[in-house]
Amino acid sequence: MTNWTLAKRAASMNPSVIREILKVTEKPGIISLAGGLPSPKTFPIAAFKEAADKVLLQDGASALQYAASEGYAPLREFVAQQLPWDVSPDQVLITTGSQQGLDLMGKILLDEGSRLLVETPTYLGALQAFSPQQPQVVGVDSDDQGVIPDDLVRKAGEGADKARMVYLLPNFQNPTGRSMDDARRQAVVDRLATLGIPFLEDNPYGDLWYDQAPPAPLTARNPEGGVYLGSFSKVLAPGLRLGYVVAPKAVYTKLLQAKQAADLHTPTFNQRMVAEVVQSGFLDQHVPTIRTLYKKQRDAMLAALAEHFADLDVQWTTPTGGMFLWLRMPEGIDTVAMLPAAVERNVAYVPGSAFYASQPDNRTMRLSYVTASEEQIHIAIRALADTVRAALAAR
């Protein structure tokens, strides 16, 4: 019999809670408010068909060949030009989704037991990406503006236990939908600069603002002190698996080497297609249509919550962009335990406990409002409220 002896780091790899829940939502009739999937209504299929034909016609052989690990030069130039601070294309690394950027940063900065600071709660996919390196993940106290600067200082560690990195999502955070205002961003950047701790700024949702663009990124305030992650998944299509890292010279070379070891390069054809789509200002017209759609669906969910949860002691966020709301249930409700009952009423959500580095709040849940229709949102929120009432009655 073959003896498969797994590496110790494999023990820390667990299935995504969200992916497991998505399997449940395949049941006919389920209205899923669980997955963080962009609305397929926003996918610019015609633009990609035209771009694919043009790329294959003009230089199909190169588009289907191996290519540079750094990424397609015109796409790197586009990324550098559209960022709101002085960025050289030589700082841009095209990745296979921004999720790969998380993986690469974990590989080059984290050892077993390294202190890693994260928001409370934080993006589940980041916790998964970092877990193979077996860091000591420490949640920083957070409020509706994100991490609290004073607690960053308290939890920074010192000596050999000093934090290697702080992972932050300043814009329309997954899972809470909260955003940092300008003052909080500056305070966080200043504290980290004083401490000498680098930050990883993850910004997949920054373009999805509804009424007002968010303040300048953290990395714009200290380009040598942080690494910036961006994505084409939310503004074009997630199936392309295209993201990017913007890094200072101090770490760029090691990120590139880790990328080469992982997958040689991001698919050439996808990069060239996207470069063709975006070169003529397409995003300037396309992204506002996404914002308009998502704002309407957010408003529909907020209205449904106000109507159906009026008699319940439930709190929720009001995001000014992005894709998610965050709810906190009444005392005595465990959203993990309640999920099967919600599914029986044909609605699914993500329990909030999965998004905590430690000491989870079992009363929380994440709802996505961007894939369901306004009518489906109303039906699902009513069913969710009925589920909560039933759970409270059964206590």
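Which strands form the open sheet, and in what order do they stand?

Analyst: The model is a predicted one, in which local features require pLDDT of at least 70 and side-chain atom pairs count only at pLDDT 80 or more, whereas totals for chains, interfaces and linings use all residues. Residues are numbered from 1 along each chain as its sequence is written, and side-chain values use heavy atoms, with hydrogens and water left out.

The open sheet consists of four strands in the order β11-β12-β15-β14, and their pairing is antiparallel. Strands (E, at least two residues) and helices (H or I, at least four residues) are DSSP runs numbered from the N terminus, and two strands pair if DSSP finds at least two bridges between them. In general, the strands of a sheet pair through backbone hydrogen bonds.

The edges of the sheet are β11 (315-316) and β14 (350-351); each has a single partner strand, so one side of each lacks a neighbour in the sheet. For β14 that partner is β15 (residues 364-368), which pairs with β14 in the antiparallel sense over two bridges. Within β15, R366 is the residue opposite V350.

Helix α11 (residues 282-308) packs on this sheet, where it touches β11, β12 (324-328) and β15. Contact here means heavy atoms within 4.5 Å. The direction of α11 makes about 20° with that of β12; axes are lines fitted to C-alpha atoms, for helices over the stretch in contact, and angles run from 0 to 180 degrees between N-to-C directions.

The structure as a whole holds seven aromatic pairs, a pair being two rings of Phe, Tyr or Trp (its six-membered ring) with centres within 6.5 Å; planes under 30 degrees apart count as stacked, over 60 as edge-to-face and the rest as tilted. F309 and W316 have ring centres 6.5 Å apart and planes at 70°, so their pair is edge-to-face. The two residues can also be described by relative accessible area, where buried means under 20%, exposed over 50% and partly exposed in between (1.4 Å probe, protein chains only). F309 is buried at 1%, whereas W316 is partly exposed at 28%.

A tilted pair is formed by W326 and Y356, with 6.4 Å centre to centre and 45° between the planes. W326 belongs to strand β12 and Y356 to the loop between β14 and β15, so this pair ties together parts that are 30 residues apart in sequence. Both W326 and Y356 are buried. Together with F355, W326 and Y356 make up one aromatic cluster.

Over residues 44-384 the chain is 43% helix and 15% strand, with the end C-alpha atoms 33 Å apart.
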